[in-house]
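Q: I would like to learn how to read an interface and a helix. Can we work through an example?

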There are 2 protein chains.
Amino acid sequence: MNLLNVTDPDDPRIAAFRDIRERDLVGRENRFIAEGEVVLRGLVQSARHRPLEVLIDAKRAEKLRPLLEALPPGVPVYGAGQEVIDQIAGFHLHRGILALGQSAPARPVSELLAQLPEKALVLVLKAIANHDNMGGLFRNAAAFGADAVLLDAESCDPLYRKSIRVSVGSVLTVPYARLMDGEDVLGLLEHSGFRTFSLSPRGEVALADVVPPQRSALVFGAEGMGLPEEFLTRTQTVSIPMAGGFDSLNVATSSGIVLHHFAQPFFSRK
Amino acid sequence: MNLLNVTDPDDPRIAAFRDIRERDLVGRENRFIAEGEVVLRGLVQSARHRPLEVLIDAKRAEKLRPLLEALPPGVPVYGAGQEVIDQIAGFHLHRGILALGQSAPARPVSELLAQLPEKALVLVLKAIANHDNMGGLFRNAAAFGADAVLLDAESCDPLYRKSIRVSVGSVLTVPYARLMDGEDVLGLLEHSGFRTFSLSPRGEVALADVVPPQRSALVFGAEGMGLPEEFLTRTQTVSIPMAGGFDSLNVATSSGIVLHHFAQPFFSRK
């Protein structure tokens, strides 16, 4: 393991890690920042995204040796003291390890759908603009073995630093693709043999009464906004019964409840 | 409606609202800050907590008149421009309304248990130290009509500003009580006729196979820490089956999944 020693926070070799909190807000050119051991492990395991550079608290290098040795050849690993790392990052980085990643090229939704197994569970996200929710949705997708996530054009970037962190790295391991503006996701899903279920407070069927088919797509929209009319008319609408008067659940929590229901027979059939 | 006009951010009458972001971190003397219309409505409806003062963006006063008129007599309502409010609060307060609340005196867990209906669903929280999770747990408790939340001595304060906000005000409406250090919650629950279920990745029974009894208590611990041995031996342990290798769900999401399961017969029996 060849640790490249960094002692100066202004060292040009680690420019990619400088002030990462601020740079979340600007364009990122297919680069992203992965924080912490668990997330970096997701990046190393990812079939599509790849690590470019790693910055680590030198004290932790020995303990993390197996992970660092699993990096692709040629990925530089910079080591610095915690104090220098905090100066580079612009805040106290208690996780002690950062990686710069390069995201996979975008692929069409149809291509991703074509690669799914015969028994498949897919999430469809409509206008999910909150990075916490995006991370939570991916975390739940991974927990229940969903095969893919489809994002509409209005949904935020899963590779935003906070989404990656909240997802505990699962945005790097759960396959996803983004719909083009105006692309007919319901048509694509139907063509691929999926039955589509849209979560809605006014859904026709209670979740517990749904018998999951072999290929299911589950549509979640942003809280409060509701789904477009075409989703309510062209898909099976599903509700989660709740105590009277309470508005709604957080969308990530809803996804956990729905995925748990759909994944039960799914697990046992696999 | 008597709106007291505030033009100076240093006006001593609104000192309680000054720099609220910072003051989250210090002792709060049974006071809390409620932000936004929905949360303030929860506070007005609360049987135990009460509003002391309100600060509102004067432009919104007319629209919020019904809510303001539902305040108890004698609660002063201060009106100011958005700019002055932002200076008072110390950040941009897009919700445009703040209330200072006084929390109800603490009550023993046994007293709260004695007040519950014959059919009852209770959450028991062990060492939940994260305010986001606390808010999410209460939000889900409200959504599924849980009757009470019991907190151990190590869990954080539900009336911390962020918890209130994440709970969408439900920390103000769902009854709760805090256990004294060393108090035997399992004994108290058993004495009150509750059957207790502890969520654990190594739980003996899968959630979907549990038939909820008339009185259920659901125990959630902090992620990663696991529950103390006595909970694993003295209660029915329950697991949420997940896809291989994925560590765990967020604790608030887990509570949503479990509450959904337990609330189904609960709703229909009521």
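Q: How much area is buried between chain B and chain A, and what percentage do carbon and sulfur atoms give?

A: The size of an interface is often given as the accessible area lost when the parts come together. The loss is taken with a 1.4 Å probe and summed over both parts. Here about 2,000 Å² is buried between chain B and chain A, and carbon and sulfur atoms give 68% of that. This is a predicted model: local features need pLDDT of at least 70, side-chain atom pairs need 80 or more, and totals for chains, interfaces and linings use all residues. Side-chain values use heavy atoms, without hydrogens and water.

Q: How many salt bridges does the rule find across the interface of chain B and chain A?

A: A salt bridge puts a side-chain nitrogen of Lys or Arg within 4 Å of a carboxyl oxygen of Asp or Glu. The rule finds zero between chain B and chain A.

Q: Which element supplies the largest share of the side of chain B that touches chain A?

A: Helices are DSSP runs (H or I, at least four residues), numbered from the N terminus. α10(B) gives the largest share, seven residues.

Q: Now α6 of chain A: how many of its 13 residues are buried?

A: Buried means under 20% relative accessible area (1.4 Å probe, protein chains only). Eleven of the 13 residues of α6(A) are buried, so this helix is largely enclosed by the rest of the structure. Among them are Met134(A), Leu137(A), Phe138(A) and Arg139(A).

Q: Which residue caps the N-terminal end of α6(A)?

A: Asn130(A) does: its side-chain oxygen lies 2.8 Å from the backbone nitrogen of Asp132(A). After α6(A) comes Gly145(A), with a positive phi near 70°.

Technical notes. Residues numbered from 1 in each chain as written. Chains lettered and ligands numbered in written order. Buried area = accessible area lost by both parts, 1.4 Å probe. Helix = DSSP H or I, 4+ residues; strand = E, 2+ residues; numbered from the N terminus. Buried < 20%, exposed > 50% of the residue type's maximum accessible area, 1.4 Å probe, protein only. Polar contact = N/O pair within 3.5 Å; in protein donor to acceptor, adjacent residues only side chain to side chain.
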